[in-house]
Structures are given as structure tokens and as C-alpha cells.
Amino acid sequence: MSTPTDEQDQGVWLTQDAYDRLKAELDQLVANRPAMSAEINARREEGDLKENGGYHAAKDEQGKQEGRIRQLTDLLRKAQVGEPPTTATNAALGTVITIKFAGDDETEKFLLGSREIAGTTELTVYSPESALGSAIMGAAPGATVTYQTPNGRDMTVEVVGVEPFVP
């Protein structure tokens, strides 16, 4: 049983570029519906459906497209479109976070936001619902947090810096 995440309840923050890209993808998928139906009908005409790989492949593709249409429709309906924060003192949606893992001198920099923004930036994007994202949400530079990874290991990170995202 899945439980709703904050992202599902409150929507997600998206840049205007990300919103426009996702809207264009949705429009293309919706416009492709008649062509997909025609493809399925053409494959159906080929004969016995039990042994018709083309028909089953077309139906599978239609299912994937309809799932993505539902996902995008919901996402765009709930999206909070706007500019990222202009100042940042704590980890929040739309901020770039620099962290250092315990026992490692290397730092990692990422954007805390919707994974859908990933197509508009070269930064790695962590969702606030991810294990790391939820652990550092609200943390200020200098804070050390421990979170549990999906495989059950505890990881400790130090928040080294927080800055506004510049698209």
C-alpha cells in the first residue's frame, strides 16, 4: 500500500522552462492518441490476437502513454510554477545544496526539487521525498544529518552550503 507523499499532496515547484517542457510533452502525447488507436486497429486486423505480437506491443505502448498522460496531467495541475528563491539560508525546494558525506573529503552539489526539473539543468536533482532530500529539508549549513538509505544503511552527511538555484 502506498502513502501519499508531500509532493503528491502539495504539488511540486517547477521552473517555467520545466513546466513548458512537460506541457509540450503532454500535448504531444494527447495529439498522438488517434495515431495510437489507428495502430492498434491495424494490428488487430492482422488476425489471431493470441499470436499477434504487433497488437500486444501496440497495446503495451498505449498503456505506457496513457499512464504518462495521467502522471503529467496530475503533475501540471498541482505544479507551483515560478522562480526559485532569491536567497537561501536553509535547504528548501528550489535551492542548491552542497553536502559532504561522513568520512569523505569530496563534496556533492545538487538541486532539491522535482525530478521533472532534471531536463532543464545539469545539476543532479534530488526529490524532497527521497531519503536524502527529506533528511536535509530545512537544514542550515553546518548541520549534520543521518538518514537511512533504501538498502537500510545509515548515512551521515554535513550540509556544507545552501544557495539559490539559478536556472
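Strands here are DSSP runs of E with at least two residues, numbered from the N terminus. With that in hand, let us walk through this predicted model, beginning at a strand residue and moving on to the helices and the nonpolar cores.

Strand β4 covers residues 107-112, and glutamate 108 lies in it. Threonine 124 is 16 residues away from glutamate 108 along the chain, and 9.3 Å separates the C-alpha atoms of the two.

**Two helix pairs with α4**

Helix α4 (residues 53-78) packs with α3 (residues 33-44), and α2 also crosses α4. Here are the two pairs side by side:

| Helix pair | Angle | Axis distance | Contact residues by class |
|---|---|---|---|
| α3 and α4 | about 160 degrees | 8 Å | five nonpolar, four polar, seven charged |
| α2 and α4 | roughly 140 degrees | within 10 Å | nine nonpolar, two polar, three charged |

For α3 and α4, the angle is about 160 degrees. Angles over 145 degrees count as roughly antiparallel, so α3 is roughly antiparallel to α4. Their crossing is left-handed. On the α3 side, the contact is made by Arg33, Met36, Ser37, Glu39, Ile40, Arg43 and Arg44, while α4 brings Gly54, Tyr55, Ala58, Lys59, Glu61, Gln62, Gln65, Glu66 and Ile69.

The crossing of α2 with α4 is left-handed. Here α2 contributes Tyr19, Leu22, Lys23, Glu25, Leu26, Leu29 and Val30, and α4 contributes Gln65, Arg68, Ile69, Leu72, Thr73, Leu75 and Leu76.

**The nonpolar cores**

Which members of the largest nonpolar core touch the most other members? They are Leu14, Leu22, Leu111 and Ile117, out of 17 residues. At least two residues of this core come from each of β1 (13-14), α2 (16-31) and α4.

Another core, of 16 residues, lies apart from the largest one, and its members include Ala91, Phe110, Leu112 and Leu132.

How values were computed. Residues are numbered from 1 along each chain as its sequence is written. This is a predicted model: local features need pLDDT of at least 70, side-chain atom pairs count only at pLDDT 80 or more; totals for chains, interfaces and linings use all residues. Side-chain values use heavy atoms; hydrogens and water are left out. Axes are lines fitted to C-alpha atoms, for helices over the stretch in contact, and angles run from 0 to 180 degrees between N-to-C directions. Angles under 35 degrees count as roughly parallel, over 145 as roughly antiparallel, 65 to 115 as roughly perpendicular and the rest as oblique. A crossing is left-handed if the near helix is turned anticlockwise from the far one by less than a right angle, and right-handed if clockwise. Contact means heavy atoms within 4.5 Å. Ala, Val, Leu, Ile, Met, Phe, Trp, Tyr, Cys and Pro count as nonpolar, Asp, Glu, Lys and Arg as charged, and the others, Gly among them, as polar. A nonpolar core is a set of buried Ala, Val, Leu, Ile, Met, Phe, Trp, Tyr and Cys residues joined through side-chain atoms within 4.5 Å. Buried means under 20% relative accessible area, exposed over 50%, partly exposed in between (1.4 Å probe, protein chains only).
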